[in-house]
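Dear colleague,

I am handing over the structure we spoke about, and it is placed directly below. My notes on it follow, and I would be glad if you read them with the model open beside you.

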Amino acid sequence: MNKLSLLLLLILIFNRSVSTSQTVSKPHLLKTDHLENPIGIDNSNPRLMWMMDDTRPGACQTAFRVIVGIDSLEVLNGEGEIWDTGRTDSGIRLINYGGKELEPFTRYWWKVILWDMEGMESSSTVSFFETGMMAIANWQGSWISDGRDIHFKPASYFRKEFPAKKEIHSARAYIAVGGLYELYINGDKVGNQRLDPIYTRFDRRNLYVTHDVTMQLQNGENAIGVLLGNGWYNHQSMAVWDFDRAPWRNRPAFCLDLRIDYTDGTTETISTDLSWKKSEGPLQFNSIYTGEHYDARLEQKGWNSPGYDDSKWHGVAYRSAPSDNVTAQQLRPIRNVLTIPAKSIHRIDEKTFVYDFGQNMSGVTRIRVSGAEGTEVRIKHGERLHDNGRLDMSNIDVYYRGDNEADPFQTDVLFLSGKGEDEFMARFNYKGFRYVEVTSDNSIHLDEHSVTAFFMHSDVPPVGKIDSSSDLINKLWKATNNAYLSNLMGYPTDCPQREKNGWTGDGHFAIETALYNFDGITIYEKWMADHRDEQQPNGVLPDIIPTGGWGYGTANGLDWTSTIAIIPWNIYLFYGDDKLLADNYENIKRYVDYVDRNSPDHLTSWGRGDWVPVKSRSNLELTSSVYYYVDATILAHAARLFDKEEDYRHYSALAEKIKHAVNEKYLDRESGIYASGTQTEQSVPLQWKIVPEEMISKVAKNLAVKVEEAGFHLDVGVLGAKAILNALSENGYFEAAYKVATQDSYPSWGWWIVNGATTLLENWDLDAERDISDNHMMFGEIGAWFFKGLGGIFPDPEQPGFRHIIIRPHMPDELDHFEASFESPYGTIISKWERHKSEITYKVTVPANSRATLYLPEGIAGDKILKLDAGQHIFHLRPA
């Protein structure tokens, strides 16, 4: 047993002793920058956070002590040579590291000690974080490529052999890529991540990934293999978004440092240089947008293993780095998260088979098939079928401008080896699909096990759950989450098939649904960095982020690109973490100032408007100006938070001027109607709290009347869909909101579900002829409303991160039971009720170190406002 193994064993024994102690309160779930034991971080002041595990009524943390060191045994014993906060009387559960300057390539061990409400002390288990490069100057490798131009189709395979002559203590592979990669050590693929590194604006920021490869290396001869893919870096497929003309476009390249620490204390780094070799192989074409072409006849067995004869391989070429900003990829990776077998197979003939996987998804398929050498097998993916049972691509291929024979849309092409069973799964591509059609130019045998689907997305942990007596609500919640995950690939997208674009509006329309259901902060921190990369000096942002240049048009305005403010603010509300808001502060300011300079009357028509409405058109200047108000208000709040008093006064006054201008022009105070009174025009001002206090009841009543006149059906586009349920339920018309949310005839969310949808759609009209993706997230607010409108769970802006919880549940007669569960940064919040004849049993769980204010709905006997400490609370409610 080496020293590292002995050390880990001692820590495991200690941790078990801590976990089995008699202490009733203890800190647990330690994270660094919202990740568990991350390696390869570049943040010089990482955030350290924890949760308090204590189920006693009123449980709270009264003090804490954080200890950080490089010797894990010393940390175990309560000694921190790097940082020791000492006992700090506070209930906070997140702190920025403030110790000695962090060194690169170093593992730091840490733990937290808490004192509970009785003054009892308890210690966490020991956690760690490990730094990466920390600075671009610490790279030793050179950027290398295959020397081909951007039009060359086959992917390049790279390899290098090297000896490890001493006993290995630990090893890390640091790899930065323009494009995508798969890394192999001694024949085995390293890691289960997909599509790394995550897509960025490559000419402004490149991400590197750190792998722990200690177990893959061996004493003696070793081999490194790297396969490069195009990704968004070298977009060879043609579409309307012009990614083939991106300013960064180049042949894929990479830089790698394999850093090996030996047990004798020495370090060796194996780096990319001209000693590496390259070759083409079976991957003859790859496109993130369309598919991959793989010729199994060209496989080179053992190319990534020691001892392989690479005498026919060629030398590599040096390349300049895509940018001067190479930084750590610090987020939840993309993975094949769920394996989905075929629900049915339809054999059209001996050359054509159609698979149904039972749900729409983003991802890839794996095929296992035998056949004659050179047989061409095409694996086509789509969301719909023609009446004759064949695949229908017409709803998703409308923006593709390539060659459908040489580069077919959403189609993989496999050439069989003729040497038994071939297996293929796309490496550098993903698709949006429910159905798969397999065609061949020779007879082949396939059965239900021959093709398997993988639901692939950023592997964000689920934190929310909805369960009710309504099958429609349960299915809507699941479909919303399926749509959200299908559109999360290191950044939020609009759809996983037709575009794969990071549409800004779609991202912020769905942000609350995202955060109630998934721990996605690391994805949004990365995407906001993309925003900062893309923002022009004058403050303008494009519609899609990242972009190769498309999206700086005339409609890339406030209702879409307010992501720059809305997402950091929601992250702050949900996590109590102000880093993203601080990182974006100057960018939000530049954005608001741009609008201010161009809006002397404090009104603006800059935006897209209520996209894909049912029928009514809403006033663009009204809705865009409301979002202008939202951004100015967020900026004022942030200024106050960061003690920027002058900014606070300025932007608070600006927000009031915008509010006055909007209400002066568009609100008829006598009637309580905004503009022409559409559902969107009434609900957007209510949702974003621009309505004068004395007018709220009248405006809300008019909205409720409008909804009732429509038979509790929707007549909104994306802006109204974000606002309407909240505008009703938070302003005295919950029953109307509930009827809209659970409506199952056209137009409604439920109409999709009763017609078999397993994700959310892009259009309310199932027979529409454009904007008809079957996997879209822009109407996804309903997933958040289940937590807010029914469960009543809200963050408190004055005590964010759910340190104080606002709970305003509603209990419609149509439901027998309902439960909303949410894993907040402090622990599990539960709002749950069950109906028993004339009585409702209502249970609320408030996590340790948190408090809540419960506002019971109208019509319930007893006190309406209750202050709740941590613990479980049970109420037996009766009508008043």
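T411 is found in strand β31, which covers residues 411-415; helices (H or I, at least four residues) and strands (E, at least two) are DSSP runs, numbered from the N terminus. With a relative accessibility of 2%, T411 counts as buried, where buried means under 20% relative accessible area, exposed over 50% and partly exposed in between (1.4 Å probe, protein chains only). Leaving out residues up to four places away in sequence, T411 touches T290, G291, E292, R378, I379, K380 and K431, a contact being heavy atoms within 4.5 Å. The side chain of T411 also reaches the backbone oxygen of F409 at 2.8 Å. Between T411 and L228 there are 183 residues of separation in sequence and 20 Å in space, taken from C-alpha to C-alpha.

Please keep in mind that this is a predicted model, in which local features need pLDDT of at least 70 and side-chain atom pairs count only at pLDDT 80 or more, while totals for chains, interfaces and linings use all residues. Residues are numbered from 1 along each chain as its sequence is written, and side-chain values use heavy atoms, with hydrogens and water left out. The mean pLDDT of the protein is 96, and 97% of its residues reach 70 or more, pLDDT being the predictor's confidence in each residue, from 0 to 100. Over residues 1-22, however, the pLDDT is below 50, and this stretch has 17 contacts in the model beyond near neighbours in sequence.

Turning to the strands, two of them pair if DSSP finds at least two bridges between them. Strand β12 (residues 168-178) is mostly covered, with 10 of its 11 residues buried. β12 pairs in the antiparallel sense with strand β17 (residues 253-262) over 10 bridges, and R172 stands opposite R259 in β17. β12 also pairs in the antiparallel sense with strand β15 (residues 206-212), over five bridges, and there the bridge partner of A176 is Y208.

Elsewhere, six strands form an open sheet in the order β14-β13-β16-β11-β19-β22, with antiparallel pairing. β14 (188-189) and β22 (314-315) stand at its edges, each with a single partner strand, so one side of each is left without a neighbour in the sheet. Strand β13 (residues 180-185) pairs with β14 over two bridges in the antiparallel sense, and the partner of Y184 in β14 is K189.

As for the helices, the 13 residues of α8 (residues 563-575) should span 18 Å at 1.5 Å a residue, and the end C-alpha atoms of α8 are 17 Å apart, which agrees; the expected span is 1.5 Å times one less than the number of residues. Since 13 of the 13 residues of α8 are buried, this helix is largely enclosed by the rest of the structure. Just after α8, G576 takes a positive phi of about 65°. In helix α6 (residues 521-534) lies D533, which is buried with a relative accessible area of 16% and is in contact with R201, R204 and R205, leaving aside its neighbours within four places in sequence.

Finally, how many disulfides does a search of the whole structure find? The search finds zero, a disulfide being a pair of cysteine sulfur atoms within 2.5 Å. C255 is buried, with a relative accessible area of 3%, and C495 is buried as well, at 0%.

With best wishes

Key
Polar contact = N/O pair within 3.5 Å; in protein donor to acceptor, adjacent residues only side chain to side chain.
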